[in-house]
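Have the viewer open beside you as you read.

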Amino acid sequence: MPAEETGATGTNGAAGELSPAARRLYAYAVERHAFDAAEATEALGVRAAAAITELAAAHLLQRAPGGGPERWSAVAPRAAAARALAPLALLVRETHDEMDRLRGRLETLVPAYEAGTAHRDLSGSGRLELVTDLGAVRGLIAELAASCERELLTSQPGGGRPPETLEESIGRDESLLTRGVRMRTIYQHTARYSRPTAAYVERVTALGAQVRTLGDGLMRMLVFDGQTGLMAVPDRSGAALVVREPGVVHFMTSAFERSWLGAQPFPTSVSPEAARSISDELRQTIVRLLSEGLEDKVIARRLGMSERTCQRHIAEIMRAVGAKSRFQAGYLLSATPNPTPTSAPAGSPESA
């Protein structure tokens, strides 16, 4: 059976780069009307059968018209590309047609959905909804992002975000931004030292997103178009409270705006001066929380850092104020107005 009918691809094949032998044979072929394997082998000094098979599979050779079954002629690259891509073009058209049919079927449900949600809102139910399944929360976020038209506000405490979370978010967020949706995000200062988070920030800011960081006081939440909010549920990992009550959504938006005003732009690289400034601010926050009597793990969680790093900062603060115990440090700090313990500047995640 002819090679162009079997779809044989040789060593490299139509899907990859042509071999050097195939390239030499093609150059030989375009200089003549037709040739056979014996002629090509004699001219090139190597057996041409494999190269003929490779070029035929790439649609760059065809049987020479009226030249017998063993005679070949060259095909123009653009004509070969059109022939090779024809099945893919057909598949793309069929896929688009199926997408349009599916979209049409689902669009027929929009009136029922809108009527149902309107009735639910009028009855007062559904304005606060607890979703405890993480998969359902992710699906809801994807749904709200797909319908978001104006702005998405995101507040994410806890330092750098896990790479798998960023990987899940990047496609959705880039789609939002390319649609012209405004996006503002607040992280904690410690997120600056997370390379995956910094790489994510660089990608989304290139598309127009704005990202800032703050030391403390963040609540984990998302607000879509000022109409629907999602809040984290204390002590319920993976759960979210869906808020559609306008007054509560307004409160969430106002809280975000207050945090935004006090936050600092997220740079894609941290200079020594910026690292020193952030580290000093983090230590001041630790001083405040320590004077309030909070435990190490609580302070660490509030600031988005590891408990070990937090304990090292606390030890430095205790040395700075001359305290021999946490109790004494808390007393000294609470008794001293605006305490400002000093320590060596730092510019790494371990010192932040």
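Which residues in α7 meet Glu 168, Arg 172 and Leu 176 in α8? They are Arg 138, Ile 141, Ala 142 and Ala 145, where a contact means heavy atoms within 4.5 Å.

## About the model

This is a predicted model, in which local features need pLDDT of at least 70, side-chain atom pairs count only at pLDDT 80 or more, and totals for chains, interfaces and linings use all residues. Residues are numbered from 1 along each chain as its sequence is written, and side-chain values use heavy atoms, leaving out hydrogens and water.

## Two helices side by side

Helix α7 covers residues 134–147 and helix α8 residues 163–178; their axes come within 10 Å and cross at roughly 15°. That makes α7 roughly parallel to α8 (angles under 35 degrees count as such).

## Strands around β9

Strand β9 (residues 240–243) pairs with strand β3 (residues 128–131) in the antiparallel sense, over four bridges. Two strands pair if DSSP finds at least two bridges between them. Strand β8 (residues 228–232) also pairs with β9 in the antiparallel sense over four bridges.

Look for Ala 240 in β9: Val 131 stands opposite Ala 240, and Ala 240 is also the bridge partner of Ala 232.

## The loop at Arg 236

Between β8 and β9 is a loop that holds Arg 236. Arg 236 has a relative accessible area of 40% and is partly exposed (between 20% and 50%, with a 1.4 Å probe and protein chains only).

Beyond its neighbours within four places in sequence, Arg 236 is in contact with Leu 130 and Thr 132. The C-alpha atoms of Arg 236 and Thr 132 are separated by 7.7 Å, although the two residues are 104 residues apart along the chain.

Definitions and conventions
Axes fitted to C-alpha atoms, helices over the stretch in contact; angles between N-to-C directions. Parallel < 35°, antiparallel > 145°, perpendicular 65-115°, else oblique.
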